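Dear colleague,

I am handing over the structure below, and the notes that follow set out what was found in it. Please read them with the coordinates open.

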Amino acid sequence: VERFEDWYAAHHHRLVAALTVVAGDVDAGREAVDEACVRAWERWARIDDPGGYVYRTAVNVARRRARRAGHERRLLTRAVPRDRAAPPADLAVGLWDALRALPRREREVVALRLLADLPEQRVAELLGIAQGTVSRALHDARRTLVGELAPIEDEGATP
Amino acid sequence: VTDLRDDLAPLLELAGTPIEDLAARRRRRRARRRLTGAAVCGAFVVLLGAGVVAADGDGEGQRTTTDGGETTPTSGATVPLPEPSPTTSPLDVTEGLVVLPATARPGEVVDLFVPGGERRGVTFTLEPWGDGGWSRATFGLTSDGGGPYDRGGSALWVAGPGPYPVDGLGVEGSGPDRVVVPDVAPPGRYRICHHADPVHLCGELQVAGEPVTSPPRPPAEHEPELLTTSRWMLRPGEAFSLRFPTEIPRGVMSTLARWDGAGWTDPIAQLHSSAAAYAEPQVEAPGATFPSVQVDGPGPDPVVLPDDLEPGWYRICAAEVAACDQIRVVDPLPADSGPVPTSSTIAPQSTAPTGPMVAAADHVTAGDVVELWFPTGVHRGVAFTLVGRADGSAVGAAYVLEVGSGPDGLGVPAWAEGTSWAGRLPARSGIGPERIVIPPVAEAGPYRLCAWADDDLCVDVEVAQPPESPPAPAREDDHLLELWHCGILPTTFLGETWAAEPAPFDQTNAPVGATTGTITALDDDEARYVGSDGSVVRFVRLDGAWLLPPCP
């Protein structure tokens with residue numbers, strides 16, 4: 001049986017990357033990963049599918065916190081202008097903004113398919129939607145992101 | 001897709017949380033949960049005695065396999081140890097517990113002192129030293145505990161490779177917690193431990209010498225528990241107390257009789273309660289067996305055992321009433337055992353909860369049932385207030401909590417918002433426990449819990465929210481639309497009400513197949529319905545009432 005420590009060492013980078021996109025924020029994503037991993041660690045002997053458990057739990061944690069943050073934001077929106085979050089790591093600013101602007105489902109699909117590197121069928125299982133919905137969301141997201149990326153690449157190509 | 005992966009690749013360089021920090025978070029989380037577990041400690045201890053350990057009699061001197069297998073009496077005989085697990089315990093802890101005496105014979109009783117006063121349960125493990133480390137538990141020991149849960153754990157030990165379950169954490173203070181060394185334990189070096197992450201308490205014990213034979217035990221008393229002693233394994237000269245849950249009138253003298261293997265002897269000693277509350281002077285009529293002083297209330301009545309009692313089973317009976325309980329007297333600690341440790345920070349373990357009202361746990365989870373104890377039997381109502389507090393001031397939500405129905409507090413406790421006392425004032429007394437439920441809707445934070453009584457009767461509790469629910473089910477569902485002649489009626493989905501906005505068709509012009517389809521939640525506020533004919537309707541979550549709009 002794989003030890004939790006070994007599993008964590010092998011997977012936590014992908015988890016953090018994926019949940020950062022899901023949450024739209026590095027700290028919130030990392031927090032969701034930590035919470036899900038701690039829960040998985042406590043139940044390690046009873047979990048048959050750690051990856052599924054952790055991704056699903058982390059996405060749920062991130063959704064719940066986003067919902068709470070949304071309520072707070074609505075309350076504060078008149079008093080406090082919304083910050084424009086800096087992109088994490090070396091991600092292009094435009095790509096980060098475009099990711100955050102995606103509808104929630106598309107963002108989750110991008111995170112689990114492209115960053116967690118899970119097959120579409122698996123993403124569909126984790127999010128509780130049809131595989132066709134995953135394909136469609138991924139297609140829509142890709143079209144949006146590529147559209148946002150094109151000007152960035154054009155700017156980069158300009159002498 | 002490959003290109004996008006490359007663009008997103010920098011995200012994979014983000015640092016995760018180091019495993020050490022994750023472990024610390026896990027310990028904090030478990031500690032929080034265990035603190036709330038103290039509320040159910042009593043019930044768990046009963047289950048432990050009834051379920052994990054064979055319940056055929058007292059369990060003492062019984063060897064029981066942990067898988068519920070055959071029970072074989074082994075008192076007085078040495079049997080080979082079960083094959084120890086090759087895995088040594090990862091925790092090389094030998095601190096926190098002081099075991100007296102440090103060397104004991106199989107079958108002897110040892111005292112476990114906890115100078116740090118850590119919260120703990122009544123289950124310990126006995127782990128032999130071998131192959132350069134501590135083996136997994138070979139015996140599970142049950143202590144006689146303390147506080148309101150001291151009657152738990154009828155069996156004293158079980159054999160078999162651990163780990164053994166850790167019960168709730170209902171005991172605190174410096175001890176001693178008393179355990180019996182299994183009479184089949186081979187001589188050697190052992191450690192006794194209480195493993196409750198993050199608190200691991202261990203102390204070393206040397207087992208040597210011939211096994212001690214347990215004294216014959218009398219049959220259990222089958223009468224209602226009119227009298228209970230604060231602990232049931234005692235050493236000569238030790239102080240303990242008597243409690244009277246039904247508050248029967250009684251004298252201040254109690255009698256002590258010994259079990260001789262066939263029956264109870266005549267009283268061999270009288271114990272005089274020193275309860276300060278009994279101000280009435282004692283009147284001893286010449287030749288009278290018992291003084292005529294009558295007292296009542298739930299106790300506790302403090303008493304002290306004589307110094308010269310032989311080991312064995314005794315029966316203590318309250319004066320002038322048929323209320324008895326059994327205790328086991330064990331050998332005094334050897335004179336060379338060393339000083340008895342005491343706590344510098346926490347008062348020695350009391351034999352009963354202190355203060356007029358004691359909550360079984362000061363960290364509780366919303367929705368939990370919590371037990372409240374009243375050691376002095378104070379008169380009170382059947383309702384309590386739970387008020388949010390901050391910096392000593394009452395703020396935030398307030399609730400009225402009603403105890404479970406029935407004279408014994410059993411039944412389903414209830415709660416309501418607000419602080420109205422109307423209709424909730426009938427007086428009640430006795431030591432309890434009263435069972436109340438923390439409102440599931442109570443938000444996490446500090447609260448003050450108060451009883452209705454003449455005196456200020458409050459305890460502070462920390463309320464936590466229960467662990468978050470498991471992953472939500474799919475947010476997609478087959479759906480049937482209901483129409484009216486100017487649009488689409490609101491629909492229910494995921495327990496919420498959603499309104500079509502705008503309605504692309506109505507009862508007069510809906511396409512065929514438009515009213516059967518699938519609805520999907522896009523986020524918390526928006527859902528999309530796709531009819532079997534391909535028509536799409538946007539729904540928004542409805543906050544508040546929906547009024548029939550005028551037809552355009």
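Over all chains, the count comes to 20 salt bridges, and since this is a predicted model, every value here is computed from its atoms.

In chain A, the side chains of Asp49(A) and Arg122(A) meet in a salt bridge, with 2.7 Å from N to O. This pair links distant parts of the chain, as Asp49(A) lies in the loop between α2 (26-42) and α3 (50-76) of chain A while Arg122(A) belongs to helix α6 (residues 120-127), 73 residues apart. Asp49(A) counts as partly exposed because its relative accessible area is 33%, and Arg122(A) is likewise partly exposed, with a relative accessible area of 23%.

Another salt bridge of chain A joins the side chains of Asp6(A) and Arg3(A), at 3.3 Å from N to O. Asp6(A) is partly exposed, its relative accessibility being 39%, and Arg3(A) is also partly exposed, with a relative accessible area of 47%.

Helix α5 of chain A holds both partners of a further pair, Arg104(A) and Glu108(A), which are four residues apart, about one turn of the helix. Their closest N and O atoms are 3.4 Å apart, and the two residues form a salt bridge; both Arg104(A) and Glu108(A) are buried. In chain B, salt bridges that share partners join Asp111(B), Arg178(B), Arg235(B) and Glu238(B) into one network.

Glu106(A) is buried yet has no salt bridge, and the nearest side chain of opposite charge, that of Arg143(A), is 7.1 Å away. If residues up to four places away in sequence are not counted, Glu106(A) touches Ala137(A), Asp140(A), Ala141(A) and Thr144(A).

Turning to chain B as a whole, there are three helices and 37 strands, and buried residues make up 46% of its 552 residues. Among the contacts in chain B with a separation of 6 or more, 67% are accounted for by residues 24 or more positions apart. The accessible surface of chain B comes to about 25,400 Å², and carbon and sulfur atoms contribute 54% of that surface.

Another loop of chain B, between β16 (253-258) and β17 (269-272), contains Pro267(B). With a relative accessible area of 54%, Pro267(B) is exposed. Leaving aside neighbours within four places in sequence, Pro267(B) is in contact with Thr255(B), Leu256(B) and Ala257(B). Pro267(B) and Ile316(B) are 49 residues apart in sequence, and their C-alpha atoms are 9.0 Å apart in space.

With kind regards

Note on methods. Residues numbered from 1 in each chain as written. Chains lettered and ligands numbered in written order. Predicted model: local features only at pLDDT ≥ 70, side-chain atom pairs only at ≥ 80, totals over all residues. Heavy atoms only, no water. Helix = DSSP H or I, 4+ residues; strand = E, 2+ residues; numbered from the N terminus. Buried < 20%, exposed > 50% of the residue type's maximum accessible area, 1.4 Å probe, protein only. Contact = heavy atoms within 4.5 Å. Areas by Shrake-Rupley, 256 points an atom, 1.4 Å probe, with all protein chains shown as cover. Lys, Arg positive; Asp, Glu negative; His and termini not counted. Salt bridge = Lys/Arg side-chain N within 4 Å of Asp/Glu carboxyl O.
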